[in-house]
Amino acid sequence: MKKVKADPKGVLTGAHYLDGDHALAEGALAAGCRFFAGYPITPSTETAERFAERIPKVGGVFIQMEDELASIAALIGAAWGGKKVMTVTSGPGFSLMMENIGLACMLETPLVIANVQRGGPSTGLPTLTGQQDMMQVKWGSHGDYEIIALSPDSPQECFDLCIEAFNLSEIYRVPSFVMTDECVGHMHEKVVIPPAEEIELVERKWYKGPKDKYLPFKPDEDMIPFMVKVGDGYHFHVTGLTHDERGYPVINAECQNVCVPHLVDKINMNADKIIKLEEDETDNAEIIVISYGITSRVTTRAVRKARKAGIKVGTIRLITVWPFPEKRIKELAKKIKAFVVPEINYGQVVYEVERCAFGQAPAIRVPHCGGWVHDPEDIFKAIKEASK
Amino acid sequence: MKEEDRREGKNPIENLLRMDRIPHIWCPGCGIGVVVTSFAEALRKSEIDLDKTAIISGIGCTGRVAGYVKLDSIHTTHGRAVPVATGLKLANPELKVVVFSGDGDIAGIGGNHFIHAARRNMDLVIICVNNFNYAMTGGQVAATTPISANASTAPFGNFEYPFNLPYLAEASGATYVARWTALHLRRVTKSVQEALGRRGFSFIEVITPCVTLYARRNRLGDGLNLLKYYYEKSEIQHGADTKTLDISYQGKLIVGKFVDKDKPTFLDCMNEHLGKVLGDKYEPYGGNHD
């Protein structure tokens with residue numbers, strides 16, 4: 001993995017008052033993203049607008065495509081053209097992107113998608129918050145694959161995690177997602193953008209060997225194949241069909257049983273390196289509240305109240321939601337009474353917690369169908385109930 | 001062609017194909033291979049930098065072309081070859097990007113991308129093999145199936161109006177529009193050469209026999225019978241009004257070059273406009289502008 005410093009041209013060093021959507025765009029520009037294709041959709045449009053405004057002065061392309069299918073398709077083309085690429089969307093647009101997210105996974109294409117989540121299903125609540133695409137981001141395209149998904153809880157983290165998402169997508173040659181929501185997306189806070197030399201980026205893993213020996217899907221020692229870009233004279237082929245190391249289609253079970261496990265294993269076997277959690281007082285906790293994104297900020301108040309009431313509560317904030325911190329949950333499940341999982345959906349990540357807890361501790365859901373954040377009192381009640 | 005290749009009896013386009021993937025999957029009598037030959041011939045004759053030429057396909061019989069042509073090539077999803085090509089072209093404007101796909105891919109499921117890329121005058125070469133049906137899936141009715149022709153999902157004959165693709169392309173903003181049949185080998189080659197040598201959205205439709213499905217279901221005979229139909233019923237009318245190019249069942253096929261005009265491309269417009277409005281603040285992008 002070759003580390004490089006950010007190009008100062010894209011870095012708006014200084015302290016700013018930004019909303020999460022704009023911070024995403026700044027994070028991407030700082031990460032060296034020079035191609036953005038998108039389609040307007042509330043509540044994510046401000047990211048696209050910021051790109052349209054900023055990118056002409058940085059040297060890159062912004063294009064508003066005809067729909068979200070085209071946006072993600074253009075990203076795949078531009079990534080193979082050598083660019084770092086990004087798009088942003090919300091629920092309905094995210095659904096439209098699903099097929100080509102599968103293609104991006106199959107072609108092992110580095111790209112970043114931010115989803116500023118709103119209430120669903122269908123058109124749902126365009127202007128109001130939700131965290132309802134957390135399972136879709138993992139399972140939404142057909143077939144077996146793995147992706148990386150991060151969840152920022154503030155505009156500052158929209159900036160930071162967008163850079164992180166770019167780095168992870170380059171390291172693992174995989175689509176990476178910044179799963180934020182309307183609340184964080186439209187929340188204005190102070191965002192500190194460091195000088196370019198303090199922003200560490202990962203360079204794409206370029207192949208440098210002989211032209212006729214390049215194999216686009218041959219795993220290297222770290223499981224990740226090297227990449228080339230179109231126009232470098234390799235005359236390579238990649239396909240969404242099940243393929244061998246050469247990128248040639250091979251339509252049989254044997255090839256499928258090499259191709260697919262690779263897509264899954266390269267993420268799962270590196271999960272410890274990818275996963276970032278924020279833990280607080282989990283050591284002696286009886287109850288652990290697991291949350292992510294905006295809900296973790298709402299949780300803080302409930303936890304404070306519970307601690308005042310004498311309940312031993314710890315918290316885990318999932319900065320990385322996928323891959324899931326399976327090991328840590330399993331470990332903690334043996335020691336505690338229960339997990340409490342508030343999220344702005346009718347129960348998604350809670351079932352992953354339940355799976356990992358493996359019957360050692362219950363995972364109690366605190367659902368909210370979207371439109372607004374939880375009342376901290378509801379989370380407090382769940383903690384109190386669980387502690388009995 | 002190199003002398004030693006000639007002595008070995010090597011096909012002149014062999015270097016342009018992935019010979020380790022031959023034999024191909026197309027049926028005997030299918031016209032796609034013929035169009036690939038015409039295309040490869042154009043690549044050879046035009047002497048463009050093959051390292052800087054890419055081919056993108058969607059899904060379907062013609063979607064397999066990207067897998068056989070020895071260029072940087074991406075086999076994408078159904079209908080999305082055009083936006084993938086758009087992204088690739090914009091990422092590296094010095095590339096010549098060709099979309100090679102079928103009528104179902106380009107005009108059916110991908111129709112929206114097709115008209116928008118044409119509207120933007122995106123600098124792409126689009127080769128659309130039109131065999132009047134969805135062949136890979138077994139001969140279903142398409143957006144191009146002539147009225148009354150039979151298809152597996154139109155078992156009593158098609159009653160939907162088909163697209164007139166050159167008209168659609170021109171109306172959407174294409175700056176080069178041609179139509180040929182698979183019988184017009186050299187004409188296809190020439191059109192592809194012209195398209196490769198120019199800038200802007202170039203669209204070439206090639207009517208092609210589907211022997212196994214369209215022809216069999218409609219009892220039109222074998223490949224030779226279809227070529228005979230093309231021979232008898234095609235009429236070259238360069239510059240014809242694209243409105244007049246509807247195709248009826250076994251009717252006249254008007255072919256030729258209908259549109260060939262200069263117009264600034266997407267990148268030309270972007271660079272010119274942003275340069276004018278933003279002045280020194282604008283960072284000009286890519287090399288594909290004057």
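The domain assignment divides chain A into domain 1, covering residues 3-202, and domain 2, covering residues 276-387. The model described here is predicted. Between the C-alpha centres of domain 1 and domain 2 of chain A the distance is 27 Å. The contact between these domains draws 24 residues from domain 1 of chain A and 23 residues from domain 2 of chain A. On the side of domain 1 that touches domain 2, at least two residues come from each of strand E7 (125-129), helix H5 (136-139), strand E8 (148-150), strand E9 (175-181) and helix H7 (182-186) of chain A. Sorted by class, the residues on this side of domain 1 of chain A comprise 13 nonpolar, 7 polar and 4 charged.

Within domain 1 of chain A, which spans residues 3-202, strand E3 (residues 35-38) and strand E4 (residues 61-64) of chain A run parallel and are joined by 4 bridges. One pair of facing residues in this arrangement is Gly38(A) and Gln64(A), the latter in E4(A). Together with helix H2 (residues 45-54) of chain A, the strands E3(A) and E4(A) form a β-α-β unit of right-handed sense.

Strand E15 (residues 313-318) of chain A is largely enclosed by the rest of the structure, because 6 of its 6 residues are buried. Burial extends to both faces of E15(A): Val313(A), Thr315(A) and Arg317(A) lie on one side, and Gly314(A), Ile316(A) and Leu318(A) on the other.

Two strands pair with E15(A), and their directions can be taken in turn. Strand E13 (residues 277-280) of chain A pairs with E15(A) in the antiparallel sense through 4 bridges. Here Glu278(A) is placed opposite Arg317(A) of E15(A), and Arg317(A) is itself among the buried residues of the strand. Strand E14 (residues 287-291) of chain A, by contrast, pairs with E15(A) in the parallel sense, over 5 bridges. In that pairing, Ile288(A) has Gly314(A) of E15(A) as its bridge partner.

Attention now turns to the contact between the chains. Chain B contributes 35 residues and chain A contributes 40 residues. On the chain B side, helix H3 (65-68), strand E2 (72-75), helix H4 (81-91), helix H6 (111-119) and helix H11 (266-278) each provide at least two residues. Of these, H4(B) gives the most, with 8 residues. The side of chain B that touches chain A contains 15 nonpolar, 11 polar and 9 charged residues.

Strand pairing also links the chains. Strand E12 (residues 237-239) of chain A runs parallel to E2(B), with 3 bridges between them, and His237(A) faces Ser73(B) in E2(B). This pairing belongs to an open sheet of 9 strands with mixed pairing, ordered E12(A)-E2(B)-E1(B)-E3(B)-E4(B)-E6(B)-E5(B)-E8(B)-E7(B). At its edges are E12 of chain A and strand E7 (234-236) of chain B, each of which pairs on one side only. Neighbouring strands of the sheet are turned against each other by 15° on average, direction ignored. Inside the sheet, strand E3 (residues 96-102) and strand E4 (residues 125-130) of chain B are parallel and share 5 bridges; there Val99(B) stands across from Ile126(B) in E4(B).

Conventions
Residues are numbered from 1 along each chain as its sequence is written. Chains are lettered from A and ligands numbered from 1 in the order in which they are written. This is a predicted model: local features need pLDDT of at least 70, side-chain atom pairs count only at pLDDT 80 or more; totals for chains, interfaces and linings use all residues. Two residues are in contact if their C-beta atoms, placed from the backbone, lie within 7 Å. Ala, Val, Leu, Ile, Met, Phe, Trp, Tyr, Cys and Pro count as nonpolar, Asp, Glu, Lys and Arg as charged, and the others, Gly among them, as polar. Two strands pair if DSSP finds at least two bridges between them. Domain bounds come from an automatic or database domain assignment. A residue is buried if 20 or more other C-beta atoms lie within 10 Å of its own, exposed if 12 or fewer, and partly exposed in between; C-beta atoms are placed from the backbone. A crossover is right-handed if, with the strands pointing away from the viewer, the path from the first strand over the helix to the second runs clockwise. Axes are lines fitted to C-alpha atoms, for helices over the stretch in contact, and angles run from 0 to 180 degrees between N-to-C directions.
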